[in-house]
Amino acid sequence: MNLVEYPLPGAWVREFTVAAPLDWSDPGGESIELFVREFTDPDRRHDDLPLLTYLQGGPGGANPRPAPVGGWLPEALSHYRVVLVDQRGTGRSTPVDGTDIAGFPDARAAADHLLHFRADSIVRDLEHVRTLCYDGKRWATLGQSFGGWITLTYLSHAPEALTACYVCGGIPGTPPDPDEVYRRTFDRVAGKTADFYRRYPQDVAAVAAIADRLAAGDMTLPDGSPLSVRRFQTLGGDLGFGAGHQRLHWLVSEAVRRDGRLDGQFLETVLVKTSNTGNPLFWTLQESIYGDGANGPFHWSAQRERDRRPEFAEDRRPLLFTSEMTFPWMFEEIRALRPFAPAMAELAEQRVWSPLYDLARLAANDVPLAAAVYADDVFVDAGLQRDTLTRVGNAQTWVTNEYEHDGIADGRVFCRLREMVRDRGGEKR
């Protein structure tokens with residue numbers, strides 16, 4: 001297991017890897033590695049503590065590498081031994097990149113490989129780690145964003161493993177329907193863009209100047225890939241986070257030099273924000289997370305919705321930003337995503353997916369579930385979250401406009417969720 005242990009300020013860390021099947025229906029076939037990092041309070045590292053496993057947002061995001069130990073983690077360390085399993089294909093859990101996908105013989109084979117990285121496989125991985133490494137001891141979960149998708153999948157497939165579930169901004173609509181999701185998402189990001197321009201009216205002209213320069217063509221990023229207006233528009237994803245309006249303001253306000261050229265630091269920042277080199281599965285699996293049984297195909301749901309909205313056109317001014325939406329052009333323009341293009345064409349036509357949610361089992365759920373729903377969340381619609389939660393047993397909802405999608409960074413959020421469960425009888429034992 002190659003156990004490594006070391007101290008960090010505020011935490012004791014244990015790290016190890018575990019082998020798991022790539023395909024859980026074929027446990028004797030190809031295997032992958034799962035990377036596990038465990039945090040405990042340094043003074044309690046030898047104690048028999050309750051377990052909490054963190055379900056990272058994404059899809060395609062590795063677990064956080066905290067520096068310093070902050071946000072929700074200090075609150076968790078006051079009560080739990082915290083287990084972070086890098087989701088398969090991310091971080092140090094046999095990561096998947098374009099080189100791997102380009103090695104498959106055809107697009108269908110590559111698409112079939114990517115289907116092994118959905119929430120149901122992640123739940124099987126977590127059960128494998130829990131059983132093998134923690135003697136089958138039940139644990140609580142804390143899910144951020146996509147971690148809520150994993151939470152409902154977990155409650156559908158293995159609720160007996162769980163003592164409680166805490167979710168921050170991540171309850172999916174059920175039954176899942178990406179068309180409905182993007183109808184709502186485009187409205188919200190238009191509102192976020194309008195709010196951005198109200199805060200910084202001078203940025204209407206600044207954004208227009210950048211877009212006009214990009215529309216002229218022949219603009220490349222430091223890695224040689226093209227910077228188009230539509231790629232620039234995706235920076236609107238930052239508007240869904242607490243300080244995102246300010247970050248976008250500083251970026252666009254300093255983008256154009258006095259001689260009319262785009263500043264090199266601006267181009268470098270845009271590359272870092274849009275290259276997806278470290279998490280190519282984020283856009284690759286973005287629409288696949290809505291697949292559940294025979295509810296496909298999706299035919300590029302976000303692109304179809306955008307095509308119905310001329311106000312998001314690249315030549316419209318003021319320019320509207322986009323958000324957490326996958327478009328087919330990304331797999332042409334973004335270097336790290338290009339090898340995924342043939343597989344993505346296959347996934348866009350996928351009719352039947354592995355089942356994620358058991359709606360009857362969720363309705364009968366008795367595992368305490370406390371969910372923070374952010375009223376102004378641009379990524380996960382508050383209405384869809386609240387609707388689903390009315391049909392999940394033993395669920396409590398805290399709706400707040402105090403936070404954006406990154407509210408989990410404030411330890412008070414997890415503290416509030418724990419109090420909600422405590423005051424209704426506490427976690428299962």
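What volume does the second largest pocket have? The second largest pocket has a volume of about 330 Å³. This is a predicted model: local features need pLDDT of at least 70, side-chain atom pairs count only at pLDDT 80 or more, and totals for chains, interfaces and linings use all residues. Residues are numbered from 1 along each chain as its sequence is written, and side-chain values use heavy atoms, with hydrogens and water left out.

**Pockets**

- A pocket is an open set of points on a 1 Å grid over the protein atoms alone, with protein on both sides within 12 Å along at least five of seven lines; lining residues have an atom within 4 Å of a point.
- Grid points are joined across faces, edges and corners, and a volume is the space filled by probe spheres set on the points.
- The largest pocket has a volume of about 1,100 Å³.
- Its lining has 41 residues; Gln56, Phe241, Asn279, Phe282 and Glu324 lie nearest the centre.
- Helix H10 (264–274) and helix H11 (281–284) are the elements that give two or more residues to this lining. H10 gives the most, with 3 residues.
- Helices (H or I, at least four residues) and strands (E, at least two) are DSSP runs, numbered from the N terminus.
- By class, the lining of the largest pocket has 19 nonpolar, 17 polar and 5 charged residues.
- Ala, Val, Leu, Ile, Met, Phe, Trp, Tyr, Cys and Pro count as nonpolar, Asp, Glu, Lys and Arg as charged, and the others, Gly among them, as polar.
- The second largest pocket is lined by 18 residues, with Trp24, Asp120, Ser121, Arg124 and Ser354 nearest its centre.
- Helix H4 (residues 119–133) supplies the largest share of that lining, 5 residues. The classes are 7 nonpolar, 6 polar and 5 charged.

**Cavities**

- The whole structure holds 5 cavities of 30 Å³ or more. A cavity is a set of grid points where a 1.4 Å probe fits but cannot get out.
- The largest cavity has a volume of about 100 Å³. Residues lining the largest cavity include Thr284, Glu287, Trp300, Met344 and Trp353.
- That lining divides into 6 nonpolar, 3 polar and 1 charged residues.
- The second largest cavity has a volume of about 80 Å³. Among its lining residues are Trp149, Val181, Tyr290, Asp381 and Gln385.
- Helix H6 (178–199) and helix H16 (382–389) are the elements that give two or more residues to the lining of the second largest cavity.

**Glutamine 233**

- Glutamine 233 sits in helix H8 (residues 229–233).
- Glutamine 233 counts as buried because its relative accessibility is 0%. Buried means under 20% relative accessible area, exposed over 50%, partly exposed in between (1.4 Å probe, protein chains only).
- A polar atom of its side chain lies 3.3 Å from the backbone oxygen of phenylalanine 312.
- Beyond neighbours within four places in sequence, glutamine 233 is in contact (heavy atoms within 4.5 Å) with residues including Arg306, Phe312, Glu314 and Phe321.

**Backbone features**

- A cis peptide bond joins alanine 67 and proline 68, with omega about 0 degrees. Proline 68 is in the loop between strand E4 (51–55) and helix H1 (73–77).
- The bond from arginine 317 to proline 318 is cis, with omega near 0 degrees. Proline 318 lies in the loop between helix H12 (301–307) and helix H13 (330–333).
- Threonine 94, not a glycine, has a positive phi near 40 degrees. At 33% relative accessibility, threonine 94 counts as partly exposed.
- Histidine 299 has a positive phi of about 50 degrees. Histidine 299 is in the loop between H11 and H12 and, at 35% relative accessibility, is partly exposed.

Definitions and conventions:
Polar contact = N/O pair within 3.5 Å; in protein donor to acceptor, adjacent residues only side chain to side chain.
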